[in-house]
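Dear colleague,

I am passing on the structure below, and after it I set out what was found. Please read the notes beside the coordinates.

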Amino acid sequence: MNGTHRPLAPSIHPSSVFNFTDLDDLESYFTGSDQVYLYARDGHPNADDLASRLARLEHADWASITSSGMSSIAAVFLGLLGPGRRIVASRWLYGKTIVLIRDLESRGTQVSWFTPDCPEDLERELEQPAHLVLVETVSNPLVRVADIGRLGNICQTAGVPLAVDNTFATPIFARPLEMGASIVIESLTKLANGHSDATLGLVAGHSSLKARIHPFISLYGLNSSPFDCWLTSRGLETLELRVKAAESNACQLATFLAGQQGVEAVHHPSLPGHPDHSLTVRTMPMGSCNIVAFELAGGRGGAQAFIRGCQEFTLSPSLGHTGTTLSYPAGTSHRGLSASEREAEGIGPGLLRVSTGIESFEIIQAGFAKGMLAVNQAR
Ligand code: PLP
């Protein structure tokens, strides 16, 4: 096509299969030719477009797109773990990731847990052989921040790859590969897509690990949909604008909630009282995340009163939408943990998790003021 008439927007290629002229052409696909596609489960143009955009953002020399955040974690586990192998995982993880690690354990992988604010614990754990360490840059749901530089050093000294789930921070606020991680994982379903209309995951890192992880995407059918990749490539064009605006709203909301009667605790790294505040200022100077978690007086009843009173924002158990949404960790993201396990991690029945959107802060504040009124009336 003449350069002046090429479409400005990328095209969608929904084809599940690609054509070959003859058997030599087919054979040359396997021996490395210009023909890069054969079957969409192995790869397709929209996944490659999205992968190359994300590799640039994450400063990765390899990136692969999968069908969801969970499948990107599964691809890493399939590649690096298995019976007789060992993972050392953060205690502060998305609930389903914890459930997946327990499932691996039941199939013969050895599992040890550590708390990222005690790097000495990780050092001790890595005195025994291990094959993977997993943390979240900013944890779900209590937004604890990991010192990726320090943990990365420990892992490099022990010769164990560090995988970092960067879903909450996004590459706008943290690039784990530059800080010492070997693998970065992201649920693109969240902020990267940004419009709650696609389900996808990213796994990226040093090219040395590609051959150990990428083949499992086709083998186990963890591949992405072309349309979801196309939507998410479009979402990425506004990623920086969106996450910066949403993070600024989260900082203001955290301060607002901290002064409210009926709020027992507020979690956001921008608050001076947050346990990782100074680490965040030092390691994430551009901001941390658009997630605020807050504990309401009255437990589940308090949370229920808030959700019913704050009609502007819906209970939508995800995050990263353009508009502000609410989620209930005890009933969704961390439902797979027992009540006592949740309690031990500080995820109580009155905890709500907010994903701030890009509305003006006045709209958010007005909605939350209504929610708090309902909480205090119900007490
Ligand atoms: N990682 C984190 C931190 C998450 O919050 C989630 C989902 O909420 C996932 C991974 C899983 O992503 P997906 O829902 O795209 O499978």
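A salt bridge here is a side-chain nitrogen of Lys or Arg within 4 Å of a carboxyl oxygen of Asp or Glu. The model is a predicted one, in which local features need pLDDT of at least 70 and side-chain atom pairs count only at pLDDT 80 or more, while totals for chains, interfaces and linings use all residues. Residues are numbered from 1 along each chain as its sequence is written, and side-chain values use heavy atoms, with hydrogens and water left out.

The two domains

The protein is divided into domain 1 (11-236) and domain 2 (239-378), with bounds that come from an automatic or database domain assignment. Their C-alpha centres lie 27 Å apart, and 37 residues of domain 1 are in contact (heavy atoms within 4.5 Å) with 40 residues of domain 2. Between them the domains bury about 3100 Å², 65% of it on carbon and sulfur atoms, where buried area is the accessible area (1.4 Å probe) that two parts lose on being put together, summed over both. On the side of domain 1, L142, F173 and L191 lose the most area to domain 2, together 23% of what that side buries.

By the rule given above, three salt bridges cross the interface of domain 1 and domain 2. R102 forms a salt bridge with E341, for which the closest N and O atoms are 2.9 Å apart. Helices α4 (95-106), α7 (170-173) and α11 (226-236) each supply at least two residues of the side of domain 1 that touches domain 2, with helices being DSSP runs (H or I, at least four residues) and strands likewise (E, at least two), numbered from the N terminus. To that side of domain 1, α4 gives the most, with five residues.

T167 and its surroundings

The side chains of T167 and D165 are joined by a polar contact of 2.6 Å, and a polar atom of the T167 side chain lies 2.9 Å from the backbone nitrogen of S187. A polar contact is a pair of N or O atoms within 3.5 Å; within protein, one must be able to donate a hydrogen and the other to accept it, and residues adjacent in sequence count only if both atoms are side-chain atoms.

With best wishes
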